[in-house]
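Subject: Structure handover and notes

Dear colleague,

I am passing on the structure that we spoke about, and my notes follow below it. Please look through the model before you read on.

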Amino acid sequence: MKIYWFKAQAPLRVLALVKHLGIEAEFVEIDMMAGGLRKPDYAALNPNMKAPTLVDGDQALWESSAIMAQLCIKAGSDLWPANHPAEQVEVLRWLSWNDGHWAQAIGPFYFEHIVKATFGIGPADLESLKSGVADVLKFAKVLDGHLVGRSHVACGRLTIADFQLASMARYWRESQMPLAGFPHIVRWLDGLMQIPAWADPWPAK
């Protein structure tokens, strides 16, 4: 099994899951700045030319949520509830909400503060983020309300939905995301950081 990755939020959640579940895999780091995502051999595996990509035998699988589900199935982990359809629906609801709403709202903050700094592509454009504050507050209110009395997003336990929703939000302080007024989100994010694989997801070099 090979996992192609670079240092970004989508690979982060897959790598954290692999480490958390103790799955044996070969980690292949892509040099994004040198055009590694566009190389023909990689594009043949992932035509989106993004990461992560899981290669397991003859199967090449992309999209981090699908990869996480596949890894859980192989490991027999209920972080993806393969044998419980009602729980699958609950996890899917939050995966969809993340991709359709939450990630779009907080993504610009993550990009300006984390991605730009990671890859040395210029200073954060703080002015451009002002127009996005309202959307962050709108969807943070939804998530914060849902987390009242809950330690995790779905199913009353850790699932891949937690890793999906938290992969950018974990950087909320560094990214200046306006989340300080949402105590249940902050509690949930800080709680996830107590998981060793989540706190340090990157492969050793």
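A salt bridge here is a side-chain nitrogen of Lys or Arg within 4 Å of a carboxyl oxygen of Asp or Glu. A search of the whole structure finds 7 of them, including one in which the side chains of D56 and K74 meet at 2.9 Å, N to O. Because D56 lies in strand β3 and K74 in helix α3, this pair ties together parts that are 18 residues apart in sequence. Helices (H or I, at least four residues) and strands (E, at least two) are DSSP runs, numbered from the N terminus.

Please keep in mind that this is a predicted model, in which local features need pLDDT of at least 70 and side-chain atom pairs count only at pLDDT 80 or more, whereas totals for chains, interfaces and linings use all residues. Residues are numbered from 1 along each chain as its sequence is written, and side-chain values use heavy atoms, with hydrogens and water left out.

The sheet comes next. Its 4 strands form an open sheet in the order β2-β1-β3-β4, with mixed pairing, where two strands count as paired if DSSP finds at least two bridges between them. The edge strands, each of which pairs on one side only, are β2 (26-29) and β4 (59-62). From one strand to the next the twist averages 20°; axes are lines fitted to C-alpha atoms, for helices over the stretch in contact, and angles run from 0 to 180 degrees between N-to-C directions.

Strands β1 (residues 2-5) and β3 (residues 53-56) run antiparallel and are joined by 3 bridges, while β3 and β4 pair in the antiparallel sense over 4 bridges. Two rows of residues can be followed across these strands: I3 stands opposite L54 in β3, and L54 in turn stands opposite L61 in β4; likewise K2 stands opposite V55 in β3, and the bridge partner of V55 in β4 is A60. The hairpin of β3 and β4 has 2 residues between the strands, and G57 takes a positive phi near 65° there.

Two helices lie across the sheet. Helix α1 (residues 9-21) lies across β1 and β2 and runs at about 145° to β1, whereas helix α3 (residues 64-75) lies across β3 and β4 and runs at about 130° to β4. Helices α1 and α3 pack at an angle of about 10°, with their axes 9 Å apart, and they are therefore roughly parallel to each other (angles under 35 degrees count as roughly parallel, over 145 as roughly antiparallel, 65 to 115 as roughly perpendicular and the rest as oblique). Contact, meaning heavy atoms within 4.5 Å, is made by A10, R13, V14, L17, V18 and L21 of α1 and S64, I67, M68, L71, C72 and A75 of α3.

Two backbone details deserve a look. Most residues other than glycine have a negative phi, and most peptide bonds are trans. A cis peptide bond, with omega about 15°, joins A51 and P52, and P52 is placed in the loop between α2 and β3. C155, a residue other than glycine, has a positive phi near 65° and lies in the loop between α6 (133-146) and α7 (160-169).

Best regards
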